[in-house]
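Subject: Structure handover

Hello,

Here is the structure we discussed. My notes on it follow below.

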Amino acid sequence: MTYEGTVTLGALKFLVLPALGKLEGWHFRIEFWHGKRRSNRQNRYYNGVILPKIHDMMRDAGVTISRKACHEWLKKRVGNLVVNFELPDGTIEEVTRSSAELSTQEWEDFMLACRVWAAEWGLDIPPPNEG
């Protein structure tokens, strides 16, 4: 069960508390964050310009990869959105962060890193509002 929104007394009193009362014995996690998440405009630019251009470049180079896999690869290798953690046996594992968790500034930084990476391979991706 997930609730997402802005913390207000009404939301806590009428949505969250009644829901928690129905989950007796369940484990839970509460997460708060401050700041804006990426905008629809940023999503449209990434999914409509950056990702298709990089995906097409990779396909033209003979890489058989889905657009989703291309996005995952960009997050890991270009955006360095990786978190390392240690298991109880001492093994180090890594997971890739969800890009949906990024703030608007972090998302801008990620998109810039993608554009710079692409430029190093000869692919010009125009900045937003210029193409």
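Which residue is the bridge partner of valine 83 in S2? The partner is valine 95.

First, the basis for these notes. This is a predicted model, in which local features need pLDDT of at least 70 and side-chain atom pairs count only at pLDDT 80 or more, while totals for chains, interfaces and linings use all residues. Residues are numbered from 1 along each chain as its sequence is written, and side-chain values use heavy atoms, with hydrogens and water left out. Helices (H or I, at least four residues) and strands (E, at least two) are DSSP runs, numbered from the N terminus.

Strands

Strand S1 (residues 82–86) and strand S2 (residues 92–96) run antiparallel and are joined by five bridges; two strands pair if DSSP finds at least two bridges between them. Glutamate 86 stands opposite isoleucine 92 in S2. The hairpin of S1 and S2 has five residues between the strands, and glycine 90 takes a positive phi near 90° there.

Helix pairs

The axes of H2 and H3 cross at roughly 95° and come within 10 Å. Axes are lines fitted to C-alpha atoms, for helices over the stretch in contact, and angles run from 0 to 180 degrees between N-to-C directions. H2 is therefore roughly perpendicular to H3 (65 to 115 degrees). On the H2 side the contact (heavy atoms within 4.5 Å) includes Tyr46, Asn47 and Leu51, and on the H3 side Arg67, Cys70 and His71 are among the residues. By class, this contact of H2 with H3 has eight nonpolar, three polar and one charged residues. Here Ala, Val, Leu, Ile, Met, Phe, Trp, Tyr, Cys and Pro count as nonpolar, Asp, Glu, Lys and Arg as charged, and the others, Gly among them, as polar.

Helix H3 (residues 67–78) also packs with helix H4 (residues 104–120), at an angle of about 95° and with the axes 10 Å apart. That makes H3 roughly perpendicular to H4. His71, Trp73, Leu74, Lys75 and Val78 in H3 meet Trp107, Phe110, Ala113, Cys114 and Trp117 in H4. The residues of this contact divide into eight nonpolar, one polar and one charged.

Glutamine 42

Glutamine 42 lies in helix H2 (residues 40–60). Its relative accessibility is 8%, so glutamine 42 counts as buried (under 20% relative accessible area, 1.4 Å probe, protein chains only). Leaving aside neighbours within four places in sequence, glutamine 42 is in contact with Thr104, Trp107, Glu108 and Met111.

Regards

How values were computed: Buried < 20%, exposed > 50% of the residue type's maximum accessible area, 1.4 Å probe, protein only. Parallel < 35°, antiparallel > 145°, perpendicular 65-115°, else oblique.
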